[in-house]
Amino acid sequence: MAITLNSGFNMPVVGLGVWRMEGKEIRDLVLNALNLGYRHFDCAADYKNEPEVGEALAEAFSTGLLWNSDHGHVVEACKDSLKKLRLDYLDLYLVHFPVATKHTGVGTTGSALDEDGVLEIDTTISLETTWHAMEELVSMGLVRSIGISNYDIFLTRDCLAYSEVKPAVNQIETHPYFQRESLVKFCQKHGICVTAHTPLGGAVANSEWFGSVSCLDDPVLKNLAEKYKKTAAQVVLRWGIQRNTVVIPKTSKLERLKENFQVFDFELTKEDMDLIAKVNRKHRTNLPCKFWGVDLFE
């Protein structure tokens, strides 16, 4: 099952995110995912595992993300990712965060902090400048589609205004506890596919890292899981798909990898979709301010 992007290319609605995975673990995971039918892999220079992913990629659909410190070096950063992934082109390349930070060297993905432990933001590079460099990647044939990530309505609107090649995707955190209906509908209205990079609310990992609350323990979702004879995670992923968003859950376990892909054999009723809409808490679980000393989402 796939969604057609405004660039004319298709993107599978279920993918695999590879954040926090490394070494042999990620290589084996990608190979298993390919065997199970996955054809959408969400990679990023900042994940520091592109060489391992590259070992496993043969004929897979890959998404790359431009790191914050490479906004002034877009072409070089993309070529570095392609080299590590052992690919001739990327199906989709995204601006990871709507902020340029101090350059630390292509591919290093460092987040330079000042003496107070606050992120060093580069005020000389605009998002418009970055976007036009992204458009150049399309002209060069290095990527098929380009997009944005972690952009709100205002930044997305601005990108639409100054772009020649419209963003095909906006990858954001969205799940039942952080539904962001206005942003999702705005993007879809303007032909931008929404991808959920934390479709399960980060589950245990984000609870440990950021102290966030997982939606998978919500009684409403647990009851629906029993009703459909599925797991709470499968219900949440199906909810995301029925919102016409793409979901890219992360897992390092083979059983979960299989489970996350088994979401096409049932459909939530409208009443149950409406029920899930009521559990929204506007609760963001991915909080990079923990590392950057500044909350970019304020």
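Lys-185 and Glu-181 sit together in helix α6, which covers residues 181-189, and their spacing of 4 residues is about one turn of the helix. Helices here are DSSP runs of H or I with at least four residues, strands are runs of E with at least two, and both are numbered from the N terminus. The two side chains form a salt bridge whose closest N and O atoms are 3.9 Å apart; the term asks for a side-chain nitrogen of Lys or Arg within 4 Å of a carboxyl oxygen of Asp or Glu. Glu-181 counts as partly exposed because its relative accessibility is 36%, where buried means under 20% relative accessible area, exposed over 50% and partly exposed in between, with a 1.4 Å probe and protein chains only. Arg-243 joins in as well, so that Glu-181, Lys-185 and Arg-243 are linked in a network of salt bridges.

A word on the model before moving on. It is predicted, with local features requiring pLDDT of at least 70 and side-chain atom pairs counted only at pLDDT 80 or more, while totals for chains, interfaces and linings use all residues. Residues are numbered from 1 along each chain as its sequence is written, and side-chain values use heavy atoms, leaving out hydrogens and water.

Now let us look at the other salt bridges. Side chains of opposite charge can pair when their charged atoms come close. The count for this protein is 9 salt bridges. In helix α10, Lys-258 and Glu-255 are 3 residues apart, about one turn of the helix, and their salt bridge has its closest N and O atoms at 3.7 Å. Lys-258 is partly exposed at 31% relative accessibility, whereas Glu-255 is exposed with a relative accessible area of 55%.

Which parts of the chain does the salt bridge between Asp-265 and Lys-230 link? These side chains meet at 2.9 Å, N to O. The pair links distant parts of the chain, 35 residues apart: Asp-265 lies in the loop between α10 (254-261) and α11 (270-277), and Lys-230 in the loop between α8 and α9. With 57% relative accessibility, Asp-265 counts as exposed, while Lys-230 counts as buried at 18%.

The axes of α8 (residues 219-228) and α9 (residues 232-242) come within 8 Å and cross at roughly 95 degrees. Axes are lines fitted to C-alpha atoms, for helices over the stretch in contact, and angles run from 0 to 180 degrees between N-to-C directions. The two helices are therefore roughly perpendicular to each other, a label for angles of 65 to 115 degrees. Leu-221, Leu-224 and Ala-225 in α8 meet Ala-232, Val-235 and Val-236 in α9, contact being heavy atoms within 4.5 Å. The residues of this contact divide into 6 nonpolar, no polar and no charged.

Helix α9 itself is mostly covered, with 10 of its 11 residues buried. Among them are Gln-234, Arg-238 and Trp-239. Its buried residues pack against α8, β10 (246-247), α10 and α11. After α9 comes Asn-244, with a positive phi near 65 degrees.

Finally, step back to the whole protein. It has 12 helices and 10 strands, and buried residues make up 53% of its 298 residues. Of the contacts with a separation of 6 or more, 73% involve residues 24 or more positions apart.

Note on methods: Angles under 35 degrees count as roughly parallel, over 145 as roughly antiparallel, 65 to 115 as roughly perpendicular and the rest as oblique. Ala, Val, Leu, Ile, Met, Phe, Trp, Tyr, Cys and Pro count as nonpolar, Asp, Glu, Lys and Arg as charged, and the others, Gly among them, as polar.
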